[in-house]
Protein chains: 2
Amino acid sequence: MLKPLNPLLHSELRLAVMSILLGVESADFVYIRTETGATAGNLSVQLDKLQRAGYITIEKGFNGKMPRTTCSMTDLGREAMREYVEALKEYIGGAR
Amino acid sequence: MLKPLNPLLHSELRLAVMSILLGVESADFVYIRTETGATAGNLSVQLDKLQRAGYITIEKGFNGKMPRTTCSMTDLGREAMREYVEALKEYIGGAR
DNA sequence: AAGATTTGGTTTATTTTATAAACTTGTTTA
DNA sequence: TAAACAAGTTTATAAAATAAACCAAATCTT
């Protein structure tokens, strides 16, 4: 039987966020927003879910006077991605 | 910017169904149900969506006296899977 | 042979999720 | 100083997934 797909990661926007964060030390809200094309509201909600799961950390600070939200992936997040990709391969392995 | 993921395929159960059908000429409802572990109701709904999209064909016949529903993938379905996997790789490419 | 159970589903209702719209707080610009 | 903009959050709506309830016919039980 196929492995279940972590529902937290099996979401287009959350997966895109995780994908971006895999490649960098950290990324801020505005950057992630422009890279993904998501609306701010949607992104805010999905980042919160990833944080609650312990997959990313969110730090709120300031860039001069403007607020800035910076995200980065945790080890737990990295491990979850690894497992997700491994499971996913069972689903798409035949499509080559 | 990341390619969008075909929402019809980006669903655990529908993806499992497509994955199964990729490897075989055809498969019947009961087989798909046991392989995926899905409930009959859920499977019925998701098969219908795949059929409406033209990704699979569904034929209803009989096995002796018992009804039998047989599914197989269409060329359109195969092509959609190919594109989906290609898009997905952009998301998970970093996780190796 | 009548009733109970199983098979193979479909339909409908409920829950969850994703998404967008509206709002808030503070900043910069005209 | 009023209007517009930036960076988000909160709340409402739309869509999706899932489960519960149901149905018809076959088979098993006594």
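The surface near DNA strand D is made up of eight nonpolar, eight polar and five charged residues. This is a predicted model. In it, 21 residues surround DNA strand D, and chain B and chain A bury about 2100 Å² between them.

**DNA strand D: where the protein touches**

- The closest residues to DNA strand D are A:S44, A:K60, A:T69, B:S11 and B:R14.
- At least two residues each come from α2 (29-36), α3 (40-52) and β3 (66-73) of chain A, and from α3 (40-52) of chain B.
- With five residues, α3(B) gives the most to this surface.

**DNA strand D: phosphate contacts**

- A:K60 places a polar side-chain atom 2.7 Å from a phosphate oxygen of DNA strand D.
- For B:S11, a polar side-chain atom lies 3.5 Å from a phosphate oxygen of DNA strand D.

**Interface of chain B and chain A**

- Chain B contributes 27 residues to the contact and chain A contributes 27 residues.
- Of the area buried between the two chains, 68% is on carbon and sulfur atoms.
- There are zero salt bridges between chain B and chain A, while six residue pairs are in polar contact across the interface.
- On the chain B side, α1 (12-22), α2 (29-36) and α4 (75-92) give two or more residues each.
- The largest share of that side, eight residues, comes from α4(B).
- The side of chain B that touches chain A has 14 nonpolar, seven polar and six charged residues.

Terms used. Residues are numbered from 1 along each chain as its sequence is written. Chains are lettered from A and ligands numbered from 1 in the order in which they are written. This is a predicted model: local features need pLDDT of at least 70, side-chain atom pairs count only at pLDDT 80 or more; totals for chains, interfaces and linings use all residues. Side-chain values use heavy atoms; hydrogens and water are left out. A residue is near a molecule or strand if one of its heavy atoms lies within 4 Å of it. A polar contact is a pair of N or O atoms within 3.5 Å; within protein, one must be able to donate a hydrogen and the other to accept it, and residues adjacent in sequence count only if both atoms are side-chain atoms. Helices (H or I, at least four residues) and strands (E, at least two) are DSSP runs, numbered from the N terminus. Ala, Val, Leu, Ile, Met, Phe, Trp, Tyr, Cys and Pro count as nonpolar, Asp, Glu, Lys and Arg as charged, and the others, Gly among them, as polar. Contact means heavy atoms within 4.5 Å. Buried area is the accessible area (1.4 Å probe) that two parts lose on being put together, summed over both. A salt bridge is a side-chain nitrogen of Lys or Arg within 4 Å of a carboxyl oxygen of Asp or Glu.
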